[in-house]
Amino acid sequence: MDFTQIVNAFPSLGDGLLLTLELTVLAVIGGVVIGTLLALARLSNSRVLSWLAGFYVNYFRSIPLLLVITWFYFVVPFMVGWVTGTNQPIGAFTSCLIAFMMFEAAYFCEIVRAGIQSISKGQVNAAYALGMTYGQAMRLVVLPLAFRKMTPLLLQQSIILFQDTSLVYAVGLMDFLNVARSQGDITGELHTFLLFAGLVYFVISFGASTLVKRLQKRLTV
Amino acid sequence: MISIQNVSKWYGDFQVLSDCSTEVQKGEVVVVCGPSGSGKSTLIKCVNGLEPFQAGTIVVDGTSVGSPKTDLPKLRSRVGMVFQHFELFPHLSITENLTLAQRKVLGRKDDEARRKGLALLDRVGLSAHAAKFPGQLSGGQQQRVAIARALAMDPIAMLFDEPTSALDPEMINEVLDVMVELAREGMTMMVVTHEMGFARKVANRVIFMDRGAIVEDADKDEFFGSPRSERAQAFLSKILSH
Amino acid sequence: MNYNWDWSVFFKSTGIGSEIYLDWFITGLGWTVALSLSSWVIALLLGTVLGVMRTLPGRFAARFATVYVELFRNVPLLVQLFVWYFLVPDWLPEKLELWFKQDLHPATSAFISVTVCLGLFTAARVCEQVRTGIQALPRGQAMAAYALGLRLPQVYRKVLLPQAFRIIIPPLTSEFLNVFKNSSVASLIGLMELLAQTKQTAEFTANLFEAFTLATVIYFVLNMALMLIMRGVEKRVRVPGLIALGGK
């Protein structure tokens with residue numbers, strides 16, 4: 001194994017890692033926002049809203065992420081074309097980001113929903129008793145409490161998402177894994193590069209989940 | 001039959017048993033009592049090696065429990081044990097609960113094990129429930145089945161670990177009746193219990209434990225008549241006052 | 001909207017023999033099911049062994065299983081697949097390596113790689129479920145089994161595992177469904193399973209909406225069907241009188 005090749009490839013590997021992290025962070029933010037809205041819809045009194053949100057969640061949870069990534073890669077440019085009336089190509093990064101946000105939103109929704117349901121009815125009633133509206137009670141009391149409780153679960157799901165971003169290989173986006181693979185091909189050191197990539201993913205995921213576990217312990221005490 | 005010599009046990013720094021010694025002769029019924037946390041359940045679990053101990057020796061029918069050479073499963077198959085929470089296997093029917101160990105441990109044939117199990121089930125008055133599952137029986141009924149399950153192995157001695165303390169009051173007697181009968185038949189028994197009525201009726205000896213140590217080990221009449229230690233006196237007055 | 005919907009596309013000839021596009025989807029589904037079931041068998045067997053190891057009193061077995069779980073859980077599935085597909089064959093003894101690379105049909109060698117990869121990947125998850133199930137049982141159950149003279153393998157086989165599995169059917173079901181979804185990574189090393197066939201149809205016909213819609217519907221229906229089957233299994237093994245296990 002020739003580790004000097006890896007050192008030489010540091011700049012491009014760094015770019016790849018940056019893309020991976022960027023995708024992860026943006027997808028987590030988008031996913032949590034959409035997921036929270038979905039959770040509110042699922043728990044709302046409106047039958048229609050609740051059913052639609054439920055269908056959305058079941059739908060995305062029953063198909064592979066890779067299918068969503070591939071489909072969106074083909075389809076999103078079409079959609080954008082219809083909306084804007086032009087035929088502008090949009091990049092793989094944008095289509096992947098949208099795919100991740102929408103897909104992960106289904107998973108985040110379930111976490112947020114469980115979090116909201118774990119808040120006691122007494123808290124909600126206390127908020128109403130103070131004269132708050134539904135929106136205020138949610139925004140000021142229920143959601144802050146729920147988010148504190150479910151932070152560890154949201155972070156765990158984010159770590160899974162971080163690993164899943166490697167699937168953008170399917171549409172040729174140069175994320176960390178794809179850079180490592182192509183550098184491996186170029187230098188003829190595929191073994192070294194793939195094992196190195198695995199090691200980096202392992203260190204980041206393992207480190208992050210160890211931190212999350214520690215956080216979880218602190219929150220439960 | 002059961003000889004316990006200088007047994008000590010620690011959980012980390014905490015000593016749960018300190019220098020316990022006693023003997024149970026063949027045919028003898030020995031009741032072990034004491035406040036909760038006194039180590040009595042731990043001691044009885046040491047007798048068939050369910051809890052390891054770090055010092056001392058326990059010999060059951062000539063076999064040393066703590067020795068690494070001892071075939072513990074074989075020893076356990078000869079000593080019956082009844083637990084506080086019954087511990088019937090909830091996924092198996094009553095009949096299967098009664099026959100599992102007979103078949104797998106003693107190698108008895110299916111119908112032989114079945115006959116034996118059903119006979120014992122009849123003895124504890126539950127033959128109508130053979131096809132049911134443990135979750136469908138009351139606590140008292142489950143504990144009677146658990147006794148029958150232990151007896152099905154033809155044990156040389158029986159260990160009871162607080163057999164009635166998880167039961168509703170109205171079910172305690174149905175279990176104690178079975179145990180009294182067993183004692184009268186001459187079964188060697190070591191019983192951890194708070195049921196002093198049972199002790200008065202059938203025990204030969206009473207052992208009082210506190211903070212991991214055997215404080216008093218006396219004949220029944222002596223124990224109830226004039227306990228020597230203050231702690232045993234205090235315990236008895238507390239437990240007998242209601 | 002200048003898109004021409006044409007659902008009849010699936011019945012059009014692919015231009016290869018008398019094949020129609022629908023045949024591609026059926027072939028793809030066949031690969032997906034074969035991959036998933038064979039991976040699941042590996043995952044269930046290995047995962048159970050590992051899960052049991054994590055609950056054994058011996059330090060070594062428990063530690064080995066823990067390391068396994070952490071390793072396979074913290075490296076992305078695709079990286080693991082690349083390792084199994086590109087790297088591992090090179091490490092085989094020469095004869096085996098040549099056989100794997102040259103004698104086997106490319107689809108077969110890809111199939112083996114994905115099956116092993118997905119099986120071992122999922123085993124780490126199954127392991128955690130099995131461990132949770134066993135640890136949810138009251139400690140007295142194992143004690144009672146030992147007290148009757150049962151030996152360790154009998155205690156697990158007859159007493160602990162049958163109960164643990166009943167508890168963990170719901171999470172195991174979702175792992176089972178995940179295997180089907182995860183098997184789509186096979187498309188990235190050229191195995192023509194359902195997703196790969198979908199992509200190919202989309203590219204050949206330009207009817208990409210129809211192709212992806214059909215794929216989605218197939219996955220969705222498959223998911224629902226498996227869920228119903230597992231619910232049936234759960235009902236069948238339910239023990240009368242048992243409401244909740246692991247109360248104490």
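This is a predicted model: local features need pLDDT of at least 70, side-chain atom pairs count only at pLDDT 80 or more; totals for chains, interfaces and linings use all residues.
How many salt bridges are counted between chain A and chain C? The count is 1 salt bridge, a salt bridge being a side-chain nitrogen of Lys or Arg within 4 Å of a carboxyl oxygen of Asp or Glu. K213(A) pairs there with E70(C), with 3.6 Å between the closest N and O atoms.

Residues are numbered from 1 along each chain as its sequence is written, chains are lettered from A and ligands numbered from 1 in the order in which they are written, and side-chain values use heavy atoms, with hydrogens and water left out.

Staying with chain A and chain C, each gives 34 residues to the contact, where contact means heavy atoms within 4.5 Å. The two chains bury about 3300 Å² between them, with 78% of it on carbon and sulfur atoms; buried area is the accessible area (1.4 Å probe) that two parts lose on being put together, summed over both.

Turning to chain C and chain B, 25 residues of chain C are in contact with 27 residues of chain B, and the area buried is about 2200 Å², of which carbon and sulfur atoms give 68%. The count here is 2 salt bridges, and D71(B) forms a salt bridge with R151(C), whose closest N and O atoms are 2.9 Å apart.

Within chain B, helix α1 (residues 40-47) is largely enclosed by the rest of the structure, because 8 of its 8 residues are buried. Helices here are DSSP runs (H or I, at least four residues), numbered from the N terminus, and buried means under 20% relative accessible area, exposed over 50%, and partly exposed in between (1.4 Å probe, protein chains only). After α1(B) comes G49(B), with a positive phi near 75 degrees.

Back in chain A, V33(A) lies in helix α2 (residues 10-43) and counts as partly exposed, because its relative accessibility is 47%. The UniProt annotation "transmembrane region", from an unreviewed entry, covers several spans of chain A, among them residues 17-41 and 124-147; such annotations may be inferred rather than shown by experiment. Residues 17-41 are 100% helix and 0% strand, with end C-alpha atoms 35 Å apart, whereas residues 124-147 are 83% helix and 0% strand, with end C-alpha atoms 15 Å apart.

Methods. Helices (H or I, at least four residues) and strands (E, at least two) are DSSP runs, numbered from the N terminus.
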